[in-house]
Amino acid sequence: MKRTVGENSFRSSPHGRRIPSVLRFPDLVKRVTNAIEGFIKRAPAEGRCPPPEEIPHAVVGDMLYHDQSLEAMNEIARLRSYTRPGEMDNMTVGQVVPPVSPSTQWSLLFAPISSGKPSKSGEFEEGITFSLDRDQFLGPLLAQLIQGRQADELLWIYPPEHFAKAFQQSMGRLHLEHLNINRHSWRHSAASADLLSQRRTMAEVKVFGRW
């Protein structure tokens, strides 16, 4: 029987050498290979030094000072939800679930089946719930942003390129370009800050970050 690419890669891996009997079942080889690849995608990349929480806060403050309130909302929402830039920038109104009064717990839905596009880890219907106790101003603004709009409308109105440009401009005004920080860094900054301040345990951070 001709081996598939997945079987060859599994055979050459430590997993394949430890469990050679698995190679007799091509379907199982494919399932195991897919599982390993999925675990690798979920693991955070190495070498990302998380910037201190003061830097994203400075960016938000700079944007507010320059009357970029929507851009500042995008930054703080990504920071508080550990969300990847592409996930937040392309979020639709229907992916934002407001709290039931008097709760402050908002929910975000990632990669809905209706979009036909899986998440970075290859999954659909991922979701998180987070509190805005620390940023109570953001709740009413989010509520205003989704009020009376269609579920398939782009939440932030502007295209992703607009927010990427606003971020670069803010980093320039703050003279922080030399740090080579990108918008994805907020995800790691928030996780590290939550661990250091003991706002979340390691297990809670991993679940919240979908790692």
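A residue counts as buried when its relative accessible area is under 20%. By that criterion, Ala111 is buried, because its relative accessible area is 11%. The model discussed here is predicted. Its chain has 211 residues, of which 40% are buried, and its secondary structure consists of ten helices and three strands.

**Overall architecture**

- Read from the N terminus, the elements follow the order α-α-α-α-α-α-β-β-β-α-α-α-α.
- Among the contacts in the chain with a separation of 6 or more, 57% are between residues 24 or more positions apart.
- The chain has an accessible surface of about 12500 Å², and carbon and sulfur atoms contribute 57% of that surface.

**The sheet**

- The three strands form an open sheet, arranged in the order S1-S2-S3 with antiparallel pairing.
- Strand S1 (96–97) and strand S3 stand at the edges with a single partner strand each, so one side of each has no neighbour in the sheet.
- Six bridges join S2 and S3, which pair in the antiparallel sense.
- Within this part of the sheet, Gln105 is placed opposite Ser131 in S3.
- In general, strands of a sheet pair through backbone hydrogen bonds, in either a parallel or an antiparallel manner.

**Helix H5**

- Helix H5 comprises 13 residues and spans 18 Å from its first C-alpha to its last, which is close to the 18 Å expected at 1.5 Å a residue.
- H5 is mostly covered, with twelve of its 13 residues buried.
- Just after H5, Tyr82 adopts a positive phi of about 55 degrees.

**Backbone with positive phi**

- Most residues other than glycine have a negative phi.
- Asp67, which is not a glycine, has a positive phi of about 60 degrees.
- Asp67 lies in the loop between helix H4 (54–65) and helix H5 (69–81).
- Asp67 counts as exposed, because its relative accessibility is 71%.
- Ala111 is likewise not a glycine and has a positive phi of about 50 degrees.
- The loop between strand S2 (105–110) and strand S3 (126–131) contains Ala111.
- Whereas Asp67 is exposed, Ala111 is buried.

Definitions and conventions:
Residues numbered from 1 in each chain as written. Predicted model: local features only at pLDDT ≥ 70, side-chain atom pairs only at ≥ 80, totals over all residues. Heavy atoms only, no water. Helix = DSSP H or I, 4+ residues; strand = E, 2+ residues; numbered from the N terminus. Buried < 20%, exposed > 50% of the residue type's maximum accessible area, 1.4 Å probe, protein only. Contact = heavy atoms within 4.5 Å. Areas by Shrake-Rupley, 256 points an atom, 1.4 Å probe, with all protein chains shown as cover. Expected span 1.5 Å × (residues − 1). Pairing = 2+ DSSP bridges.
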